[in-house]
Amino acid sequence: MLPDFSRPILAIDTSTSYLSIALHTDSQQFLYHEDVGPKQSELILPHIRHLMDEADIKISDLGAIVYAQGPGAFTGLRVGAGIAQGLATPFHIPLIGIPCLDAVAYQVKGECILAATDARMGEVFYAWFDTCTSQRLSDYQVGKATAIPLPENASNPQGIGNAFSLAEPPPLNGKSDMPTASKYLVLAKTQRYPATEPAHAELLYVRNKIALTAKEQAVRKGL
């Protein structure tokens, strides 16, 4: 199933507390990006409808729908992917999942970029990238920010992502910038990420357990 980038493309990112929606047409780009907290599921469809009305197009006009694949907020990711599938299925629109850490990393250019985002529970999601050559240098991982190892032969490592605003950030210089849904559109158009039928859309999880018991939280905090 191939996307048609000559037609309008919609992108949805609900991987954090932000609701980020971008719509690109031939001549314009429309964006909604707001921290809405737990109201993502309530607000996502009205804001998609508003952007579509602004662009004067219908869902059936879309050549693809791009969605944040994860890792990220468990509930938010499911909201975004579910909405993308629901919109795409009746019109057989291809879906393109973009890993969230890729969108974070490609905000900057460098040969050794650490993309790191807040995973809660005292951990961060992270991966290393060479954004000059469009290569990922490590697996997508989750762990303590302060315990992130440098890649072998790392040269001038830089960091990006909201993990760098945490009280205990990763052990290198970094900016806390996070992408909007527009960055997901840009990455989708590189055609490095496969398109799938709506029924086959998947999320990317790197943590098997999404919550800790009270005892496990106490152990992690050293209590």
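The legends below describe close-up views of a predicted model. Residues are numbered from 1 along each chain as its sequence is written, and side-chain values use heavy atoms, with hydrogens and water left out. In this predicted model, local features need pLDDT of at least 70 and side-chain atom pairs count only at pLDDT 80 or more, while totals for chains, interfaces and linings use all residues.

**View 1. The two domains of the protein chain.** Domain 1 covers 9-100 + 179-200, and domain 2 covers 108-175. These bounds come from an automatic or database domain assignment. Taken over C-alpha atoms, the centres of domain 1 and domain 2 are 25 Å apart.

View 2. β4 and β5 pair in the parallel sense over 5 bridges; two strands count as paired if DSSP finds at least two bridges between them. L95 in β5 is the bridge partner of I65. Helices (H or I, at least four residues) and strands (E, at least two) are DSSP runs, numbered from the N terminus.

View 3. Of the 8 residues of α4 (residues 181-188), 6 are buried, so the helix is largely enclosed by the rest of the structure. Buried means under 20% relative accessible area, exposed over 50%, and partly exposed in between (1.4 Å probe, protein chains only). The buried residues are A181, S182, Y184, L185, L187 and A188. Their cover includes β1 (9-13), β2 (18-24), β3 (29-35), β4 (64-70), β5 (95-99) and α3 (100-105).

**View 4. The loop between α4 and β12.** Q191 lies in this loop and has a phi near 65°, a positive value in a residue other than glycine. Q191 is exposed, with a relative accessible area of 60%. R192 is found in the loop between α4 and β12 too, and counts as partly exposed at 36% relative accessibility. Not counting residues up to four places away in sequence, R192 touches Y106, S134 and L187; contact means heavy atoms within 4.5 Å. The C-alpha atoms of R192 and R136 are separated by 12 Å, although the two residues are 56 residues apart along the chain.

**View 5. The loop between β9 and β10.** N153 lies between β9 (141-143) and β10 (158-160). Phi of N153 is near 60°, a positive value in a residue other than glycine. N153 counts as exposed at 77% relative accessibility.

**View 6. A cis peptide bond between G70 and P71.** The bond joining G70 and P71 is cis, with omega about 0°. P71 lies in the loop between β4 and α2.
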